[in-house]
Structure formats: C-alpha cells, structure tokens
Amino acid sequence: MTGMVHPLQNQWDDALKAKAAGIRLVAFDVDGIMSDGRLYFSAGGDELKTFNILDGLGLKQLMHAGITVAVITGRRSPLTEKRMNDLGISHLMQGREDKRVALQELVADMDITAGQIGYMGDDLPDLPALQYAGLGISVPNGHWLVRRHADYCTQAAGGQGAVREACELILWAQGQLENTLAPYLAESQDDRA
C-alpha cells in the first residue's frame, strides 16, 4: 500500500499541506457542513436532520490519529447532541453565535496555538472562526465570502462527504492517511491470496 495516491492530492498544494500538517484540533460547524444545511420539520413540528455516514468515519479516523475534534454550532439540537455522542465527540458547543470566541476558549483549554487549529464552516457566522484558525476549510455550497477566505474548498458539498474530504486532507498532510486505511485493505488483500 506504500505510495498510495489520494484522488484529490493534485489539488492539495504544498502551502495547504504545510498548514494541515500542524493541525491538532479541528472544529466543525453543523448545518451546511455536517448536514446539507436544510432544516426539516415533521408535521408535529419535530426537527429532523441528516448526517452523512462517510463524515462520521472520517471524524473517527481523525480522533484515532490523535487529532481532537470539536463541533461549534449556533443552533441547539438534541439530534446534533445524539450524533456527536454516538461518534464520541466530547467537545460540543451548541448555541454559540460567536464561533471565534468559542474556538478561542478551546485553544485556552487545550494549550495550543491558533495555527494548530482547523475550522470548517460555510456561512457568515463561521467567517471569524475560519479566519482565526490556521487552516480554514469551506464547501462549494457555502457563502461566496467564506469560500473566498478559506484555505481550501472541498469538492464535496456540505452534508455529502465534505467533512470526510477535509479529514482525509489533514490525515494525508500528516502522513497518517495510509495508516487509517490499512486495516480496511488488509482483509481484502488476504482474501485474494
């Protein structure tokens, strides 16, 4: 498996790789990043949300590689809390309108620098946090100004695997992507022998 080439690797230049290589914490917005950004309500008024399973595994791979994952969202949702609990994400900050301040609180608690933080968001409330972080990532369906200020804009749309793409970028830049994929390839290679 040595020398694996990621299909997006040609879009990840040396400057982006350098920023992603030092990341120790990645914080994500929810609506428009982990979900498609639409709000669904049942006839009874219950909120419904969809999360992409590809993103969930990417987040687990980041955590397994020793990178802290946090979620900062302006809305409060029991569905978001459930999903983050299911994934083992303990840094969940809901109802936070000023996401930069929330990110700064995490930095103070973890004794890391802003340059060691990645932030992924899609709309104007995310912009101050995205600019504060050492690595800012957005999505193609995000607000144009946020995309303009991001270091990288994923190919996948929010809620459609964009988080997984961001996770793989960071793992690749840190030389850990092959290790995270190896357990899945080992079985298939053994089966062919």
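Reader: Which residue is the bridge partner of Leu 25 in strand 4?
Author: That's Thr 68. Before we go on, this is a predicted model, where local features need pLDDT of at least 70, side-chain atom pairs count only at pLDDT 80 or more, and totals for chains, interfaces and linings use all residues. Residues are numbered from 1 along each chain as its sequence is written, and side-chain values use heavy atoms, with hydrogens and water left out.

Reader: Okay. And what do you mean by strands, and by pairing?
Author: Strands (E, at least two residues) and helices (H or I, at least four) are DSSP runs, numbered from the N terminus. Two strands pair if DSSP finds at least two bridges between them.

Reader: How many bridges join strand 1 to strand 4?
Author: Four, and the two strands run parallel. Strand 4 is also joined to strand 5, by three bridges and again in parallel. There, Ala 70 has His 91 in strand 5 as its bridge partner.

Reader: What's the order of strands in the whole sheet?
Author: It goes 5-4-1-6-7-8, an open sheet of six strands with parallel pairing. Strand 5 (91-93) and strand 8 (152-153) are at the edges with a single partner strand each, so one side of each has no neighbour in the sheet.

Reader: Let's look at strand 6. Are its residues buried or exposed?
Author: Strand 6 (residues 117-120) is covered on both faces: Ile 117 and Tyr 119 on one side, Gly 118 and Met 120 on the other, all buried. Buried means under 20% relative accessible area, exposed over 50%, and partly exposed in between (1.4 Å probe, protein chains only).

Reader: What stands opposite Tyr 119 in strand 7?
Author: Gly 136. Strand 6 pairs with strand 7 (residues 135-138) in the parallel sense over three bridges. Another pair of bridge partners there is Met 120 and Ile 137. As for strand 1 (residues 25-28), four bridges join it to strand 6, with Ala 27 opposite Tyr 119.

Reader: How does the chain get from strand 6 to strand 7?
Author: Through helix 5 (residues 127-132), in a right-handed β-α-β crossover. Right-handed means that, with the strands pointing away from the viewer, the path from the first strand over the helix to the second runs clockwise.

Reader: Which other units are right-handed?
Author: Strand 7, helix 6 (residues 144-149) and strand 8 make one such β-α-β unit. Strand 4, helix 3 (residues 78-87) and strand 5 make another.

Reader: What about strand 7, which way do its residues point?
Author: Leu 135 and Ile 137 point one way, Gly 136 and Ser 138 the other, and all are buried. Ile 137 also has a bridge partner in strand 8, Tyr 152.

Reader: Switching to loops. Where is Gly 121?
Author: In the loop between strand 6 and helix 5. Gly 121 has 0% relative accessibility, so it counts as buried. Leaving out residues up to four places away in sequence, Gly 121 touches several others, including Asp 29, Leu 130 and Val 146. Contact here means heavy atoms within 4.5 Å.

Reader: And what's up with the phi of Asp 111?
Author: Phi of Asp 111 is near 55°, a positive value in a residue other than glycine. Most residues other than glycine have a negative phi. Asp 111 sits in the loop between helix 4 (99-110) and strand 6, and it is exposed, with a relative accessible area of 68%.

Reader: Last one: at what angle do helix 1 and helix 7 pack?
Author: Helix 1 (residues 14-21) and helix 7 (residues 162-173) pack at about 90°, their axes 8 Å apart. Axes are lines fitted to C-alpha atoms, for helices over the stretch in contact, and angles run from 0 to 180 degrees between N-to-C directions.

Reader: Which residues meet there?
Author: Leu 16, Lys 17, Ala 20 and Ala 21 in helix 1 meet Leu 169, Ile 170, Trp 172 and Ala 173 in helix 7.
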